[in-house]
Amino acid sequence: MEKKRILKYDIIRIVAILLVIMCHVSAYMVIEYDDPNGLIFQMGNIPNGICRACIPLFVMLSGALLLNESKPFDTKKFYKKSLLWLVLLLVGWLLVYAVFYAFLLPLMKGQDVSWSIFGEYLLTLNPSNYPHLWYMFMCVGLYLMTPVFRLFVKKENVKYVVGIVIAAIIYTFLMKTLNVFMVNSENHATLFTTFIGKFRLEGLGGYIAYFLLGWLFDNFDIKKPYRIVIYIVGLLALVLQIVTIQLVYNDIPTIRNYLSADLALPVILYGGAVFLFITNICKDKTHNSKILSLLSNCSFGVYMIHVFILEIFTRVWLTPDKLNIHPMLYFLLIYVIIIVLSYIITYFISKIKYVRKAIHIK
């Protein structure tokens with residue numbers, strides 16, 4: 001008899017990967033058409049805000065799974081099996097994308113190959129060179145710290161964990177968001193961030209809050225009145241993010257770096273609400289749906305492969321100038337193409353005995 005799977009975990013993976021692709025497609029709309037008064041920017045700004053729950057969902061899911069007290073944990077085995085394998089995957093995919101950007105993509109565009117780009121990609125690790133592999137670097141850091149988290153992330157220590165999450169939100173997320181008001185001005189926001197920064201609480205930075213929040217929301221039943229408040233706050237945070245970017249973009253073009261970033265206050269409020277909503281709707285239900293299982297299992301492969309397809313279609317085969325259709329229809333078409341082809345390619349790779357490990361399907 002086939003073992004039943006936990007529904008909420010599979011739904012979170014599927015939703016997260018669909019939002020990741022939406023993020024990368026909608027980013028083209030607000031970057032290539034960066035006039036906030038234009039319809040394309042305005043329409044692109046909406047999905048570009050909605051999709052920002054993608055990375056929070058993935059990280060919170062990792063926290064829910066890796067910090068689960070009910071599952072035995074062996075540090076040596078975890079480092080040897082999970083962490084080492086993640087590092088090998090990272091190195092392998094860095095090499096693959098270095099070849100793609102330095103050799104394959106230029107050849108497809110009729111340009112000269114570039115060994116300098118190949119070396120830059122591998123040696124400088126410039127984040128702009130790999131719009132999605134940065135996530136694996138971040139995961140390596142979280143995996144390194146997981147055994148430490150396992151020492152104190154326990155139900156009897158829930159108050160301390162909540163305290164750490166709140167402190168991290170204030171020190172990291174709130175401060176980053178307030179930085180938007182520091183552009184060309186000196187005000188109370190500047191004074192506040194300067195004051196908080198004096199405490200040197202860098203240990204509360206990064207994605208730790210998401211990691212711990214995933215464990216909290218997955219292991220504790222949040223009472224309905226509190227859930228409703230979290231949902232409302234999350235929705236307001238999403239609307240605030242979209243509207244503020246729309247209204248302030250002309251004056252502060254870097255506004256998206258402050259409000260749409262994973263470590264911005266609106267994003268953790270919105271992402272946390274989405275995670276809580278899915279976990280509460282699904283509760284502890286299980287399923288044996290082959291379709292859901294397949295979509296969930298392929299999520300990592302789709303994450304790694306979709307950038308290939310995005311780059312090829314938007315830069316070579318179906319560039320905007322080659323299709324005489326409205327930009328909104330163009331980006332909708334690209335979004336569907338990327339989703340469908342990414343899943344198809346990942347599925348067929350999963351059937352190849354040894355290659356399937358490259359997309360983390362065992």
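Predicted model: local features only at pLDDT ≥ 70, side-chain atom pairs only at ≥ 80, totals over all residues.
**Entry 1: ground rules**

Residues are numbered from 1 along each chain as its sequence is written, and side-chain values use heavy atoms, with hydrogens and water left out.

**Entry 2: helix α15**

I looked up what covers the buried residues of α15, and found that the cover includes α1, α2 (39-50), α13 (290-297) and α14. Helices here are DSSP runs (H or I, at least four residues), numbered from the N terminus. Buried means under 20% relative accessible area, exposed over 50%, and partly exposed in between (1.4 Å probe, protein chains only). Among the buried residues of α15 I noted Tyr330, Phe331, Ile334 and Tyr343. Helix α15 (residues 327-349) has 23 residues and spans 32 Å from first C-alpha to last, close to the expected 33 Å. I wrote down the rule for that: the expected span is 1.5 Å times one less than the number of residues.

**Entry 3: helix α3**

How many of the 13 residues of α3 are buried? I found 12, so α3 is largely enclosed by the rest of the structure. They include Cys54, Pro56, Phe58 and Gly63. I saw that the buried residues pack against α1 (7-32), α4 (75-108), α6 (134-152), α9 (208-219), α12 (265-282) and α14 (299-317). Helix α3 (residues 54-66) reaches 19 Å, close to the 18 Å expected.

**Entry 4: histidine 24**

Next I went to histidine 24, in helix α1. Histidine 24 counts as buried because its relative accessibility is 16%. I found a polar contact between its side chain and that of histidine 306, at 2.7 Å. Such a contact is a pair of N or O atoms within 3.5 Å; within protein, one must be able to donate a hydrogen and the other to accept it, and residues adjacent in sequence count only if both atoms are side-chain atoms. Leaving aside neighbours within four places in sequence, histidine 24 also touches Pro131, His132, Val307 and Leu310.

How values were computed
Helix = DSSP H or I, 4+ residues; strand = E, 2+ residues; numbered from the N terminus. Contact = heavy atoms within 4.5 Å.
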